[in-house]
Amino acid sequence: MDRTVEERFIRQYIKEDRQERLLFELFSKKNRKKALSRFAHGAELLLKPGYRKCAAIDLSFLKQVKTAYVIPSDGDLDGAEAPGETVFSLCQNETSPVIVIGEGFAIVREELEAGAPAIFLLR
């Protein structure tokens with residue numbers, strides 16, 4: 001976990017009245033999954049205006065990204081830099097919410113349920 005990267009994401013893209021609680025939860029080993037679950041079905045409630053909803057196919061640009069920081073709800077990649085191909089695959093296949101923080105962009109993908117998950121591209 002890189003607190004600097006995660007805090008920058010929160011400060012830049014999350015509504016001010018939600019920031020402190022999310023930071024507390026993200027930085028707590030006990031509550032980290034709770035913070036991520038807030039993005040499962042309610043990302044729009046947390047995000048500042050300015051995002052663009054997109055489809056999974058619109059994330060193909062990730063394949064060209066050298067590395068990006070990943071916050072999935074489960075797995076070994078939580079809080080790690082991963083190659084673009086790996087991040088793209090994670091965004092396509094992970095069933096839990098995923099946050100990707102890259103150079104000049106972020107992606108929040110809600111939980112995969114019936115149908116396609118909502119994906120928010122932030123720049």
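**Terms and their grounds**

Author: Q19 lies in helix α2 (helices are DSSP runs of H or I with at least four residues, and strands runs of E with at least two, numbered from the N terminus). This is a predicted model, in which local features need pLDDT of at least 70, side-chain atom pairs count only at pLDDT 80 or more, and totals for chains, interfaces and linings use all residues. Residues are numbered from 1 along each chain as its sequence is written, and side-chain values use heavy atoms, without hydrogens and water.

Reader: Why is Q19 counted as buried?

Author: Buried means under 20% relative accessible area, exposed over 50%, and partly exposed in between, with a 1.4 Å probe and protein chains only. Q19 has 6% relative accessibility and therefore counts as buried.

Reader: Which residues does Q19 touch, leaving out those up to four places away in sequence?

Author: They are I10, R11, I14 and K48, where contact means heavy atoms within 4.5 Å.

Reader: What makes α2 and α3 roughly antiparallel?

Author: Their packing angle is about 150°, and their axes are 8 Å apart. Axes are lines fitted to C-alpha atoms, for helices over the stretch in contact, and angles run from 0 to 180 degrees between N-to-C directions. Angles under 35 degrees count as roughly parallel, over 145 as roughly antiparallel, 65 to 115 as roughly perpendicular and the rest as oblique. The pair α2 and α3 is therefore roughly antiparallel.
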